[in-house]
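Welcome to this short briefing. Please take a look at the sequence and the model below, and then we can walk through the domains, their contact and a few local features together.

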Amino acid sequence: MNVLQEIINRAKAMPQRIVLPEGNESRTLQAADKLLADGVVKVILLGKSAEIKVKADELGLKHIGQAEIIDPQNNPHKQTYIDLLVELRKSKGMTPEQAAKLVEDPLYMACLMIKNGDADGEVAGAINTTGNVLRPALQIIKTAPGFSCVSGFFMLFTKAEDLGEKGMICCADCAVIPNPSAEELAQIAVASAQSARVLAGIEPRVAMLSFSTKGSAKHEFVDKVVEATKLAQQKAPNEMIDGELQADAALIKEVGELKAPGSPVAGKANVLVFPSLEVGNIGYKLVQRLGHAEAIGPVLQGMGAPVNDLSRGCSVDDIYKLVAITANQAIALKK
């Protein structure tokens with residue numbers, strides 16, 4: 001998979017400091033060991049050093065000693081993070097006493113490290129829910145300038161090499177916002193174009209999907225996609241974004257030319273923006289399972305700094321890949 005190898009190679013060329021709050025979780029430790037062995041990133045593990053070392057020895061890991069290990073409960077910089085959290089959340093009534101408890105939570109500490117410039121990105125979720133991972137991220141790191149929402153981006157590697165970008169299709173939102181407004185859908189489109197360029201290394205051609213193509217059907221659901229397309233084009237006039245398009249009109253050259261002649265995207269889309277989470281989640285999983293495609297994600301986009309959420313059923317390989325992707329997001333942000 002050339003795209004994934006390119007992602008790993010870019011991470012190796014400029015190693016980023018990625019914090020893993022679930023520092024004594026077995027899969028996380030195994031992934032960290034491999035990341036350190038391969039020189040992909042600089043790993044920061046949160047947890048008690050003695051417990052992590054015992055677990056690493058049990059697993060036969062050889063490289064964990066290269067990681068920086070920080071105990072959130074006995075952190076020499078704890079007061080710095082308490083003060084930072086109070087400052088960030090004072091409008092919500094945050095007290096020093098409340099902050100002192102929260103900074104001992106690895107998920108909060110990871111975000112505070114990023115906010116304070118002590119880490120470049122975070123990957124968590126192997127033993128925490130999406131809500132628990134995102135809550136401190138949205139409170140502390142918040143969304144990027146120009147964005148008010150966070151969405152989930154996937155890369156699908158299919159065997160249909162005549163479609164998308166040699167069989168690769170990027171798509172969103174498949175993970176976060178159940179029923180995005182037209183404004184949110186437009187933000188998802190712009191964020192997805194950026195993610196496709198940064199992570200997949202492609203020139204994005206973004207299709208705003210619907211059950212209608214260029215007015216072939218009338219419905220309020222279609223109206224939302226039409227409005228979102230206009231807003232996305234206004235937000236990012238230099239990006240190729242078009243809609244509303246049915247999936248076949250977006251992907252198949254002959255259908256695109258018939259249904260949307262003159263479109264810069266129809267028939268050659270490589271980024272698909274779904275009108276709702278229901279459609280996106282079902283759609284990518286059907287392609288993954290029935291089409292035997294490999295799905296990488298969700299990668300969270302729209303955040304002020306890279307924070308990514310794992311499935312609790314994730315594998316060691318899933319963690320390894322998502323850390324490399326997070327590093328790429330951090331590199332792009334710095335550039």
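A salt bridge here is a side-chain nitrogen of Lys or Arg within 4 Å of a carboxyl oxygen of Asp or Glu. By that rule, one salt bridge is found across the interface of domain 1 and domain 2. Please keep in mind that this is a predicted model.

**Domain layout**

- The chain splits into two domains: domain 1 covers 3–142 + 305–334, and domain 2 covers 151–294.
- Eight residues of domain 1 and seven residues of domain 2 take part in the contact.
- Between the C-alpha centres of domain 1 and domain 2 there are 31 Å.

**The interface between the domains**

- The size of an interface is often given as the accessible area lost when the parts come together.
- For domain 1 and domain 2 the buried area is about 650 Å², and carbon and sulfur atoms give 68% of that area.
- On the side of domain 1, Val 3, Arg 10 and Ile 325 supply 47% of the area buried against domain 2, more than any other three residues.
- Lys 321 and Glu 294 form a salt bridge, with their closest N and O atoms 2.5 Å apart.
- Three residue pairs are in polar contact across the interface of domain 1 and domain 2, with both residues at pLDDT 80 or more.
- Which elements give two or more residues to the side of domain 1 that touches domain 2? They are α1 (2–13) and α13 (316–334).
- Helix α13 provides the largest share of that side, with five residues.

**Charged side chains**

- Side chains of opposite charge can pair when their charged atoms come close.
- How many salt bridges does the structure hold? The count is 16.

**Aromatic rings**

- The structure holds one aromatic pair.
- The ring of Tyr 320 has the charged end of Lys 34 sitting over it, 4.2 Å from the ring centre.

**Backbone details to check**

- Ala 172 and Asp 173 are joined by a cis peptide bond, with omega about -15 degrees.
- Asp 173 is placed in the loop between β6 (168–172) and α8.
- A cis peptide bond also joins Gly 243 and Glu 244, and here omega is about 0 degrees.
- Glu 244 is part of strand β8 (residues 240–245).
- Lys 166 has a phi near 55 degrees, a positive value in a residue other than glycine.
- The loop between β5 (151–157) and β6 is where Lys 166 is found.

Conventions. Residues numbered from 1 in each chain as written. Predicted model: local features only at pLDDT ≥ 70, side-chain atom pairs only at ≥ 80, totals over all residues. Heavy atoms only, no water. Phe/Tyr/Trp six-rings, centres within 6.5 Å; stacked < 30°, edge-to-face > 60°. Lys NZ or Arg CZ within 6 Å of the ring centre and 35° of its normal. Domains from an automatic or database assignment. Contact = heavy atoms within 4.5 Å. Buried area = accessible area lost by both parts, 1.4 Å probe. Polar contact = N/O pair within 3.5 Å; in protein donor to acceptor, adjacent residues only side chain to side chain. Helix = DSSP H or I, 4+ residues; strand = E, 2+ residues; numbered from the N terminus.
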